[in-house]
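Work through the exercises below with the structure open. Each task is followed by a worked solution.

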Amino acid sequence: MNKKGRLVCVGTGIKLMVHMTPISKQQIEQADIVFIAVASSLMGSWIKELNPNIHDLGQYYQPGKSRLETYKEMIAAIMQEVRAGKNVCAAFYGHPGVFALAPHRVIEIARKEGYEAHMEPGISAEDCLYADLAIDPGKFGCQHYETTQYMIHNKNIEPSAYLILWQIGIAGDQELTQFNTTEEKLEALREKLTTLYPESHEVILYESSTVLFKQSRIEKIELQQLADVETSLETTLVIPPVRNK
Ligand SMILES: C[S@@+](CC[C@H](N)C(=O)[O-])C[C@H]1O[C@@H](n2cnc3c(N)ncnc32)[C@H](O)[C@@H]1O
């Protein structure tokens, strides 16, 4: 039999207020406590209107501190409330299961301990990307990698399919302690990509708008320009197939 505490991880979507699914909103409203890991203070304020009892997981991030440590602390904070028998909701921006370690891990732990725990999907940056860039991942196939993992491991990339690199804004951060990247690290990424793609290949820096009525960043550049670009924690790099006609 399940123990009394319960956990649901929900997604807030990317765009403030308009991307959250009704079921995620309901879970937030009905929870005893809501943990939030969101990308903007506006999103945090809105969730606080839905349920005033919030605990901001953003407080566990610190410059120079390993994100693995941060995730451990987030999981411990969430599990403490689940073990106390509460109806716990943890809201993560985008889709809680897409390029997000803590939601998967905390659900696994809660279930192992005998608590009811599940995930509700959300609209991720990936969904916005397909819509804004008019990409159908089924047309040529689509590969997704975390940028640093792509840089340090030998992944088998298929250049005739799309390649989406997440977290280019922290490219090359092997210690998981940084919140930005450097020109040198982007240059190393460019070099690695040019073993597969021509220097003149068009790639796209993508940042979905997080509020209504604001344009997304869709910056098309040649691969050879990659070391000189501005990136943020919201930038995703899209590499179209080499033969896309
Ligand atoms: C830790 S992952 C979280 C992804 C999130 N769970 C989702 O479903 O979109 C962070 C990465 O997602 C991508 N991302 C986050 N917000 C984005 C946005 N507004 N536009 C484009 N990509 C975004 C970037 O690659 C960023 O480095």
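A salt bridge is a side-chain nitrogen of Lys or Arg within 4 Å of a carboxyl oxygen of Asp or Glu. The model is predicted: local features need pLDDT of at least 70, side-chain atom pairs count only at pLDDT 80 or more, and totals for chains, interfaces and linings use all residues. Residues are numbered from 1 along each chain as its sequence is written, and side-chain values use heavy atoms, with hydrogens and water left out.

**Exercise 1.** Find the salt bridge between domain 1 and domain 2.

Solution. Start with the domain bounds, which come from an automatic or database domain assignment: domain 1 is 6-119 and domain 2 is 125-239. The count between the two domains is one salt bridge. Arg 67 forms a salt bridge with Asp 173, and their closest N and O atoms are 3.0 Å apart.

**Exercise 2.** Describe the area buried between domain 1 and domain 2.

Solution. Buried area is the accessible area (1.4 Å probe) that two parts lose on being put together, summed over both. Here the value is about 1500 Å², with 67% from carbon and sulfur atoms. On the side of domain 1, the residues that lose the most area to domain 2 are Ile 14, Arg 67 and Phe 99, together 45% of what that side buries.

**Exercise 3.** Which residues come nearest to the ligand, and which backbone atoms lie by its nitrogen atoms?

Solution. A backbone N or O atom of Ser 208 is 2.7 Å from a ligand nitrogen atom, and one of Glu 234 is 3.0 Å from a ligand nitrogen atom. For His 95, a backbone N or O atom is 2.8 Å from a ligand oxygen atom.

**Exercise 4.** Where does the ligand lie relative to domain 1 and domain 2?

Solution. Both domains give residues to the shell around the ligand, so the ligand lies between them.

Conventions
Polar contact = N/O pair within 3.5 Å; in protein donor to acceptor, adjacent residues only side chain to side chain.
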